[in-house]
Amino acid sequence: MTHATNPLRPVSTPMDAPWAVDEHVEHTLGKVGYLTGVEPLPRTPLPGYDTGVITLLILVFVVLAINMRHYSTFLKTFTKNLWQVRSRSNVFDDHTVSETRVLASLVLLVCVCEGVLLYFLMVATQASTVATAHSMPVFQTIGLLSLLAVAYYLFQLLSYRLVGYVFTSRFKAVQWVEGFNASQSLLGLALLLPVVILLFNPAYTVELIWGCGVLYVIARLIFICKGFRIFYHNLFSLVYFFLYFCTLEIVPLIIVYKGTLVLANL
């Protein structure tokens with residue numbers, strides 16, 4: 001009478017047999033290898049699927065759509081505000097309420113886009129682990145960073161008005177501020193597509209952040225070139241231009257970056 005054998009227990013065979021089992025191979029009783037899976041990890045939700053973020057984007061698109069019929073009037077002066085520097089005013093330079101509404105909608109767009117980019121920059125620099133990423137509320141963080149971008153825009157607007165009225169004529173100061181608003185509008189339109197892609201496909205975070213950084217630098221260089229044409233008179237004026245560049249272009253940007261890191265730590 002033969003004894004019943006456990007089908008899960010390896011059968012010992014002579015070591016000189018060609019089918020002998022290697023003594024270094026470990027066998028586990030009661031478990032089948034291909035039925036043992038990998039321990040699941042928590043799934044990181046995409047920021048684009050967050051209800052608050054989607055609501056914020058829809059709100060921005062609705063504001064843009066409401067003012068869509070006035071964009072043709074705004075675009076007529078868009079290129080002029082970006083590049084042109086005139087010595088005297090034009091009788092047709094009065095801005096209508098519709099142009100102001102279009103400008104406000106584009107400024108809202110660029111501030112929200114910058115808030116989203118700052119959020120992903122925060123995630124890339126601070127949230128290196130899945131647990132840390134889950135601990136960061138998406139909508140609240142993007143909302144705070146968008147408000148930070150609004151505060152940064154208002155600070156720049158007031159600073160440029162003050163510097164323009166102190167160091168040049170009122171007319172040229174208005175042209176300088178118009179160039180700033182036009183560069184911000186251009187930046188908002190340029191950042192819209194990369195930001196939407198980033199919200200729904202964060203796998204390209206590094207590449208898109210670098211690309212958006214290049215777009216930001218281009219928009220700033222266009223504005224800085226117009227400011228240089230307005231304020232440059234002789235070699236001595238380069239000293240004032242260098243002071244302006246450090247005070248209003250470099251230092252505030254560093255402060256915004258430090259503020260983003262502070263929010264990440266909080």
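The protein chain has nine helices and zero strands, where helices (H or I, at least four residues) and strands (E, at least two) are DSSP runs numbered from the N terminus. Read from the N terminus on, the elements run α-α-α-α-α-α-α-α-α. This is a predicted model, so local features need pLDDT of at least 70 and side-chain atom pairs count only at pLDDT 80 or more, while totals for chains, interfaces and linings use all residues. Residues are numbered from 1 along each chain as its sequence is written, and side-chain values use heavy atoms, with hydrogens and water left out.

**The chain as a whole**

- Of the 266 residues in the protein chain, 36% count as buried; buried means under 20% relative accessible area, exposed over 50%, and partly exposed in between (1.4 Å probe, protein chains only).
- Take the contacts (heavy atoms within 4.5 Å) with a separation of 6 or more: residues 24 or more positions apart account for 78% of them.

**Helices α6 and α7**

- The axes of helix α6 (residues 138-167) and α7 come within 8 Å and cross at roughly 155°. Axes here are lines fitted to C-alpha atoms, for helices over the stretch in contact, and angles run from 0 to 180 degrees between N-to-C directions.
- That crossing makes α6 roughly antiparallel to α7 (angles under 35 degrees count as roughly parallel, over 145 as roughly antiparallel, 65 to 115 as roughly perpendicular and the rest as oblique).
- On the α6 side, the residues that meet α7 include Tyr153, Leu157 and Tyr160, and on the α7 side Trp176, Val177 and Phe180 are among them.
- By class, the contact of α6 with α7 has ten nonpolar, four polar and two charged residues. Ala, Val, Leu, Ile, Met, Phe, Trp, Tyr, Cys and Pro count as nonpolar, Asp, Glu, Lys and Arg as charged, and the others, Gly among them, as polar.

**Aromatic pairs**

- A search of the whole structure turns up 14 aromatic pairs. Rings of Phe, Tyr and Trp (its six-membered ring) pair if their centres lie within 6.5 Å; planes under 30 degrees apart count as stacked, over 60 as edge-to-face and the rest as tilted.
- Tyr153 and Phe180 are a stacked pair, because their ring centres are 5.4 Å apart and their planes sit at 15°.
- Tyr153 lies in helix α6 and Phe180 in helix α7, so this pair ties together parts that are 27 residues apart in sequence.
- Both partners are tucked away: Tyr153 is buried at a relative accessible area of 9%, and Phe180 is buried at 0%.
- Trp176 and Phe231 have ring centres 4.8 Å apart and planes at 75°, so they make an edge-to-face pair.
- That pair links distant parts of the chain, with Trp176 in helix α7 and Phe231 in helix α8 (residues 205-231), 55 residues apart.
- Trp176 and Phe231 are both buried.
- One aromatic cluster includes Tyr153, Phe180, Trp176 and Phe231, with Phe223 and Tyr244 also among its members.

- Ser185 is found in helix α7 (residues 170-200) and is buried, with a relative accessible area of 0%.
- Leaving aside neighbours within four places in sequence, Ser185 is in contact with Phe74, Phe78, Leu103 and Leu106.
- Val110 has its place in helix α4 (residues 97-125), and it counts as buried at 1% relative accessibility.
- Not counting residues up to four places away in sequence, Val110 touches Gln184, Leu187 and Gly188.
- The C-alpha atoms of Val110 and Leu192 are separated by 8.0 Å, though the two residues are 82 residues apart along the chain.
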